[in-house]
Structures are given as C-alpha cells and as structure tokens.
Amino acid sequence: MIISMIIGLALSFFLARRYDMSEKVDKGIEVCYWKLSYRRKLIRTLWMIPVLIMINIAFYKAFPAYSYARIIGVILFLPVFIQAAYNYKKWKNETAQEEDVKY
C-alpha cells in the first residue's frame with residue numbers, strides 16, 4: 001500500500017512538472033488535469049462535489065454507528081472546497097490579467 005502511494009505521488013509530481021509551463025486547454029476534452037486552464041479545473045472540481053456527496057451517503061449507510069464516519073466525510077470534503085476556492089481565485093486573476101493586456 002505504501003509503495004503504491006509513493007508511486008502515485010511520484011507520478012503526480014512528474015506530470016505536474018511536465019505540464020507546468022505548457023499551454024493550457026480551455027476547450028474540448030482533456031484527460032490530464034495539469035493541462036487544463038484554471039476555469040476548466042474549477043469546473044472539474046465542482047463536478048466532483050455530487051460524487052463525493054454520494055460516496056458520503058454510501059459511507060454513512062454502510063457504517064451508521066461509527067462517529068468516525070462524520071470525520072471522514074469532512075476529510076473528504078474539505079480539500080475539494082479548498083481546491084475549488086483556489087481554482088476560482090486563480091481563474092479570476094487570470095481573467096483580470098487578460099483584461100489588462102487588452103487595454
């Protein structure tokens with residue numbers, strides 16, 4: 001399990017470095033998260049919220065007596081909301097810079 005986590009983190013770091021300075025995709029289908037613009041990253045993150053709600057409901061139904069179910073629900077949701085806020089902020093900064101360049 002630890003080896004798979006290390007491989008996943010290493011792959012994630014490698015892909016983030018590789019696509020860091022590449023041109024960002026704002027239209028069409030793109031599988032790689034790092035190639036997306038901040039607007040598209042925000043949209044993808046917002047699409048994950050209903051999926052996480054369904055996972056939380058299934059988790060609560062599977063383990064109704066455990067108080068840890070609530071803690072795990074918060075642990076699942078908190079990073080998604082932080083990521084959505086970060087992507088929104090960066091998207092707005094990106095559009096503000098584009099507007100400054102136009103004028």
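A residue is called buried when its relative accessible area is under 20%, and exposed when that value is over 50%. Keep in mind that you are looking at a predicted model.

Start by selecting residues 38-62, which make up helix α2. This helix has 25 residues and runs 36 Å from its first C-alpha to its last, close to the 36 Å expected at 1.5 Å a residue. Now pick out the buried residues of α2: R40, K41, L42, T45, I49, L52 and N56.

Zoom in on K41, still in helix α2. Which residues is K41 in contact with, leaving aside its neighbours within four places in sequence? Select Y33, W34, L36 and N87 to see them.

Select M48, V51, I55, F63, Y66, Y68, I71, I72, I75 and L76; together they make a nonpolar surface patch of about 940 Å². Two elements, α2 and α3 (68-102), each give two or more residues to this patch. Which of them gives the largest share? That would be α3, with five residues.

Last stop: Y68, one of the patch residues, which lies in helix α3. Is Y68 buried or exposed? Its relative accessibility is 58%, so Y68 counts as exposed.

Terms used:
Residues are numbered from 1 along each chain as its sequence is written. This is a predicted model: local features need pLDDT of at least 70, side-chain atom pairs count only at pLDDT 80 or more; totals for chains, interfaces and linings use all residues. Side-chain values use heavy atoms; hydrogens and water are left out. Helices (H or I, at least four residues) and strands (E, at least two) are DSSP runs, numbered from the N terminus. The expected span of a helix is 1.5 Å times one less than its number of residues. Buried means under 20% relative accessible area, exposed over 50%, partly exposed in between (1.4 Å probe, protein chains only). Patches are made of residues with over 30% relative accessible area and no salt bridge: like charges are joined within 9 Å, nonpolar side chains (Val, Leu, Ile, Met, Phe, Trp, Tyr) within 5 Å. Accessible areas come from the Shrake-Rupley method with a 1.4 Å probe; for residues, only the protein chains shown count as cover. A salt bridge is a side-chain nitrogen of Lys or Arg within 4 Å of a carboxyl oxygen of Asp or Glu. Contact means heavy atoms within 4.5 Å.
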